Amino acid sequence: MRETTERAVAGTSHLECTGCGQAWESEKLMGVSPCCTKPLFARYDLERVYPCFRPEGLRGRRPDLWRYEEVLPVRDVSCRAHLGEGFTPLVDATRLAARLGVGRVWIKDEGQNPTGSFKDRGASVAVARAKELGATEVAIPTIGNGGAAAAAYGAALDVAVHVFLPRDTPPATHEQIRALGAELHLLDGNVANSRQAVREGVRQHGWFDLSTLEEPYRVEGKKTMGYEVVEQLGFRLPDVIVYPTGGGTGFIGMWKAFDEMERLGWIGPERPRMVVVQATGCQPIVRAWEQGAETAEPWGEVRTYAAGFGATRVFADFLILRIIRASGGAAVAVPDEAMARWVEIVGKDTGLFISPEGGATLAAVECLRERGLVSEDDEVVAFATASGLKYVGLRPL
Ligand SMILES: *Cc1c(COP(=O)(O)O)cnc(C)c1O
């Protein structure tokens, strides 16, 4: 007999095309949707999960992202590595809030993930799921952090990892990728070239492609940031979420998580205003949003020391732009000097040594406060997506 205390089994019911809504089978390796060539979203039987997946039931679960296993795709526990992925601190930054003139500022310190960035969330789930479905070799184009994360989970789960990245990416990540046993390919040009090289390798060697939002499960790992913010705030939402956006995996993932939580009865229909931050030296989404466009044109030359902003072609552009609009959010570009200034301020005000992408979120709050788009009462969650240690020696451009 089924008891109410019994844990629901993790696992998807099917995949869904974000272009047309068509359902696809989830128990084999899939990339983009065969119907529209758009990202696929994993769907769960939330009605079945609902009775035993309640806020009260989270107490005492392990402090990593697998605490939300009912809404994650990996069934086989032997495919899950526990390196400390997720469940990072949400730091109440009272001095920063006073300085910025807003009600509250929390910093979600993603630098405390195992490889020093939030890419571990996506990699821990996507590599696990790929292994579960039979992949033995995976490939990823990256600006560094995603490669380090894939390398770590490949090493932990005995999956071979091929990493392709531009030469002028943070050198610390190159060391890290090598040390974690992945095959490192340094290429000329921007990340679009690396993307092309991965495509080639996939065609020639049959590797599984982990490119951003071109497989369904990195976004599942990243969505746990949404579950964590809600859990850590006591099952409510902030007014504003500020997110340093490259491919937009976490931005899209959190929005998906809010929808799931509403269907689970954890939150109501309210949503935070979702703010995209990019670098002035690579801002395809900000430009598209300012033009009122529904998709983003590729950006040309990248000029920023914050490598996380290096995505020139944004595959899921239409999803990001839709979320900004639906939430009443905004998109803001900030220069490198402002990022660097806020990295220092955050260090001195909070004790956290964050990366320039994180600094950019506070620079964006300052800018939105000046424009009157964030008020003195607003409660803001800012994502510090990597540790400052990964960028030591790099200077603003
Ligand atoms: C990859 C990355 C980003 C962008 O993340 P997306 O979810 O792909 O938009 C931001 N900051 C850092 C440090 C990154 O490595």
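Predicted model: local features only at pLDDT ≥ 70, side-chain atom pairs only at ≥ 80, totals over all residues.
A polar side-chain atom of Thr-385 lies 2.7 Å from a nitrogen atom of the ligand, which is within the 3.5 Å limit. The backbone takes part as well: a polar backbone atom of Gly-246 is 2.7 Å from an oxygen atom of the ligand, and a polar backbone atom of Thr-249 is 3.1 Å from an oxygen atom of the ligand. Of the 380 Å² that the ligand would expose if taken alone, the protein buries 97%.

The shell around the ligand is made of 17 residues, and the closest of these are Lys-119, Tyr-243, Gly-246, Gly-248 and Thr-385. Sorted by class, this shell holds nine polar, five nonpolar and three charged residues, and at least two of its residues come from each of strand E10 (240-244) and helix H8 (249-263). The space that the ligand takes is the largest pocket.

One cavity of 30 Å³ or more is counted, and the volume of the largest cavity is about 40 Å³. Its lining includes Gly-122, Ala-123, Ala-149, Leu-210 and Arg-218, with helix H3 (119-132) and helix H4 (145-157) each supplying at least two lining residues. By class, the lining of this cavity has five nonpolar, two polar and two charged residues.

Technical notes:
Residues numbered from 1 in each chain as written. Heavy atoms only, no water. Near = heavy atom within 4 Å. Polar contact = N/O pair within 3.5 Å; in protein donor to acceptor, adjacent residues only side chain to side chain. Areas by Shrake-Rupley, 256 points an atom, 1.4 Å probe, with all protein chains shown as cover. 1 Å grid on protein atoms, 1.4 Å probe; cavity = no way out; pocket = protein on both sides within 12 Å on 5 of 7 lines; lining within 4 Å. Sits in = over half its atoms within 2 Å of the grid points. Helix = DSSP H or I, 4+ residues; strand = E, 2+ residues; numbered from the N terminus. Nonpolar A, V, L, I, M, F, W, Y, C, P; charged D, E, K, R; others polar. Points joined across faces, edges and corners; volume = space filled by probe spheres on them.
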